[in-house]
2 protein chains.
Amino acid sequence: MPQKEEIAFWFTNLQNQICTALEQLDGKEQFAAENWTREGGGGGCSKVILNGGVIEKGGVNFSEVFGLLPPVVAQAFKLPQGMHFFATGVSVVLHPHNPHMPIIHMNVRYFEISDGVYWFGGGIDLTPHYIIAEDARYFHENLQRVCNKHNPQYYPRFKQWADNYFFIAHRNETRGIGGIFFDQLSENDQQSKQDCFNFVKDTGNLFAPLYAYFVKRHAGSPFTQNQKQWQLIRRSRYVEFNLVYDKGTKFGLDTNGRTESILMSMPPQASWPYNFQPAAGSPEAHTLQLLKKDIDWVNYPCP
Amino acid sequence: MPQKEEIAFWFTNLQNQICTALEQLDGKEQFAAENWTREGGGGGCSKVILNGGVIEKGGVNFSEVFGLLPPVVAQAFKLPQGMHFFATGVSVVLHPHNPHMPIIHMNVRYFEISDGVYWFGGGIDLTPHYIIAEDARYFHENLQRVCNKHNPQYYPRFKQWADNYFFIAHRNETRGIGGIFFDQLSENDQQSKQDCFNFVKDTGNLFAPLYAYFVKRHAGSPFTQNQKQWQLIRRSRYVEFNLVYDKGTKFGLDTNGRTESILMSMPPQASWPYNFQPAAGSPEAHTLQLLKKDIDWVNYPCP
């Protein structure tokens, strides 16, 4: 049965592998690493790439934090006060220069509390500034394939979970085209702890090849100033989601994590024009119409 | 005793007076008004000014909403479920072009629930991109003067309340130089409902002359691209405060208010460079050092 040390060690390796792959894809800049420690226990390593060839701002963070479970977190998880916890994970958010490239997010995490309760969580989701059906299908097909390797119920369940989780309620729109999201995954009659960990590993390993696909297709596409402006508006919705709804961000801020690492997900720039409405029939309006839950992207008709 | 209709009526007048005053100060653009209704009861009028001579993006919002108290709000206020509420208020946030001009926020509000419980709330606070001691002193002296007209305990209490409220915990910095903030103000042995309302009126009426002072002093000051960039960073902290901590924003989003009116406070642009640290001894570093609670601005030494 994998212990927390083994899981954390695998996560640090994942961080390194992803950074190496992203540096090759970016072709210009390298990640800068910063280690940090957390008052109360643990710490992490933030790896950041800025003003690259493809990536305008990106972070690949590893953390391993432990200690007394902060009261506000205990309350949120409906756990008794005074327990100890251990949490480790890798989190990636990449903001590309090119508005035809999507924003991508991946996270794998492991959480354990002192009475032996543990769970895994994770997910990958995509936030295209411009939704392209063919890309969305490719993305979801790959997630489905990896899920099906482990459990045929995973993809439908985790796809729906992502639709519900990455939802900006006050805008009545999803953050992007979703992906998979799962939490509190632990052993049961059908799966061992090792099975859970294996699924988490496959999720983490899928990230780099998926991103490679988008770089190859879109990183060199020409774009206009209006498309860049639209990107800044979509980024502002990303900010709204992360600061208002995202549980990982909230957990990080509540546990006195390193602010600049937690808010690595913030875009380099964002824009909030008042009450922006894209022109009817425009690609921007088309994208807005597709920011909905429950779209079956795997079977979505592609032109 | 002022009834809710009288209070709401006074608030609509305040909105109009502030807009008229701001249009004169701005000298270029006028406010555009948009009326909206709320599913569940009530509505409001958003007045927005964009790309003005002084103001890059500003909103002066009036709202009057009522109906069944949303469960999540009842819980937050520790009220029983199933009650009716009435809430009215005026809210102002102005983002200027010039980084030497501060961001300013004012809010006055009245809240009532069906069993006859009511309270007033409000405040004015200032978020300079560059803190200038003389301005900060002028600002706080005026707040103190208005408070002292009503109750000598108001200024010290409400100044501290603002320091604690407008605080970005995850950055360990205040949003700006504070001001006054008060909530749940209602009648007691010392003051009638009319007294409370009179104080709220004086708070509202102070807004326009205060802003005039800053326009006169700073709206025409020359600035550099680096100063503009610093403004975008300070704006990102403003976004963080409003989306993570601000109770008015949360209340608005939770009660299905009009999103574009609630998020009127978002800046036109904002920037999150990674781990920005101003050079030691720079004006930016000086400002960061002054983003602290408990600075006695009224008695702060001015050069």
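**Exercise 1.** Determine which strands join chain A to chain B, and in which sense they run.

*Solution.* Strand 10 of chain A (residues 269–271) is joined to strand 10 of chain B by 3 bridges, and the two run antiparallel; strands here are DSSP E runs of at least two residues, helices are H or I runs of at least four, and both are numbered from the N terminus. Two strands count as paired if DSSP finds at least two bridges between them. Within this pairing, A:Q269 stands opposite B:S271.

The model is a predicted one, in which local features need pLDDT of at least 70 and side-chain atom pairs pLDDT 80 or more, whereas totals for chains, interfaces and linings use all residues. Residues are numbered from 1 along each chain as its sequence is written, with chains lettered from A and ligands numbered from 1 in the order of writing.

**Exercise 2.** Describe the side of chain B that touches chain A.

*Solution.* Begin with the count: 23 residues of chain B are in contact with 24 residues of chain A, a contact being two C-beta atoms, placed from the backbone, within 7 Å. Next, consider the elements, among which helix 6 of chain B gives the most, with 4 residues.

**Exercise 3.** Explain why strand 1 and strand 9 of chain A each have one side without a neighbour in the sheet.

*Solution.* The open sheet of chain A has 7 strands in the order 1-2-3-4-5-6-9, with antiparallel pairing. Strand 1 (32–37) and strand 9 (178–185) of chain A stand at its edges with a single partner strand each, so one side of each is left without a neighbour.
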